[in-house]
Amino acid sequence: MANTETSLKEAMSVIEGATGVALVDYTSGMALGTLGGGKEFNLEVAAAGNTDVVRAKLRTMEHLGLKEEIEDILMTLSGQYHLIRLLKSHGGNGLFLYLVLDAGRANLAMARHQLRRIETELEV
């Protein structure tokens with residue numbers, strides 16, 4: 001099992017094209033840990049904003065009567081991928097991993113696979 005800091009460092013080092021990662025509590029909008037980002041990309045602001053995305057999707061699924069669970073949510077921009085992975089293991093209820101990728105350097109399928117693996121090893 002890995003703690004938050006170890007998991008964030010692993011995401012940044014093993015996921016090709018990763019430029020930022022955060023562990024976020026979508027009930028409060030607070031980032032519990034961040035790594036990467038920078039002056040041009042504030043991960044704290046992005047994490048808080050993406051809580052609205054998660055809440056809206058969960059609310060929509062409830063209204064539609066969908067009983068499935070969200071694995072991840074993907075947003076594609078012209079130069080970036082933004083991947084949100086809801087945690088399902090080890091006390092991760094109400095949390096998600098948020099990963100920002102450089103679209104020119106990232107392999108999206110591999111990033112999803114690696115983020116899934118990191119999520120299963122994360123102990124919150």
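**Entry 1: Arg 116**

I looked up Arg 116 and found it in helix H3, residues 108–121. The model is a predicted one. Is Arg 116 buried, exposed or partly exposed? Its relative accessibility is 30%, so I wrote down partly exposed. That value lies between the cut-offs, since buried means under 20% and exposed means over 50%. Arg 116 and Thr 60 are 56 residues apart along the chain, and their C-alpha atoms are separated by 24 Å.

**Entry 2: helix H3**

I checked the length of H3 next. With 14 residues at 1.5 Å a residue, H3 should span 20 Å. Its end C-alpha atoms are 20 Å apart, which agrees. Which residues of H3 are buried? I listed Ala 111, Gln 114, Leu 115, Ile 118 and Glu 119. They cover an arc of only 145 degrees around the axis, so they sit on the same side of H3. I also asked what covers these buried residues. The cover includes helix H1 and strands S4 and S5.

**Entry 3: the sheet**

I moved on to the strands. Five of them make an open sheet in the order S2-S1-S5-S4-S3, and the pairing is antiparallel. Why is one side of S2 and of S3 left without a neighbour in the sheet? Strand S2 (30–36) and strand S3 (72–76) stand at the edges, so each has a single partner strand. Neighbouring strands are turned by 15 degrees against each other on average, direction ignored.

Helix H2, residues 43–64, packs on this sheet. I noted its contacts with S1, S2, S3, strand S4 (80–86) and strand S5 (95–102). The direction of H2 makes about 120 degrees with that of S5.

**Entry 4: strand pairs**

I went through some of the pairs. Strand S1, residues 18–25, pairs with S2 in the antiparallel sense over six bridges. Gly 20 has Gly 36 in S2 as its bridge partner.

How many bridges join S3 to S4? I found five, and the two strands run antiparallel. S3 and S4 form a hairpin, with three residues between them. Leu 74 stands opposite Leu 83 in S4.

S4 is also joined to S5, by seven bridges, and this pair runs antiparallel. Leu 83 turned up again here: its bridge partner in S5 is Leu 99. I checked how covered S4 is, too. Six of its seven residues are buried, so I marked S4 as mostly covered.

**Entry 5: the cores**

I finished with the nonpolar cores. In soluble globular proteins, nonpolar side chains tend to be buried together. How many residues does the largest nonpolar core have? I counted 19. Those with the most contacts inside this core are Ile 15, Leu 23, Leu 87, Leu 97, Leu 99, Leu 101 and Leu 115. Helix H1 (4–14), S1, S4, S5 and H3 each give two or more residues to this core. Which element gives the most? S5 does, with four residues.

I followed up Leu 101. Leaving out residues up to four places away in sequence, I found that Leu 101 touches several residues, including Ile 15, Thr 19, Tyr 81, Leu 108 and Ala 111. Ala 111 was already on my list of buried residues of H3.

There is a second, separate core of 16 residues. Among its members are Tyr 26, Phe 96, Tyr 98 and Val 100.

Key: Residues numbered from 1 in each chain as written. Predicted model: local features only at pLDDT ≥ 70, side-chain atom pairs only at ≥ 80, totals over all residues. Heavy atoms only, no water. Pairing = 2+ DSSP bridges. Axes fitted to C-alpha atoms, helices over the stretch in contact; angles between N-to-C directions. Contact = heavy atoms within 4.5 Å. Buried < 20%, exposed > 50% of the residue type's maximum accessible area, 1.4 Å probe, protein only. Core = buried A, V, L, I, M, F, W, Y, C linked by side-chain atoms within 4.5 Å. Expected span 1.5 Å × (residues − 1). Arc of directions from axis to C-beta.
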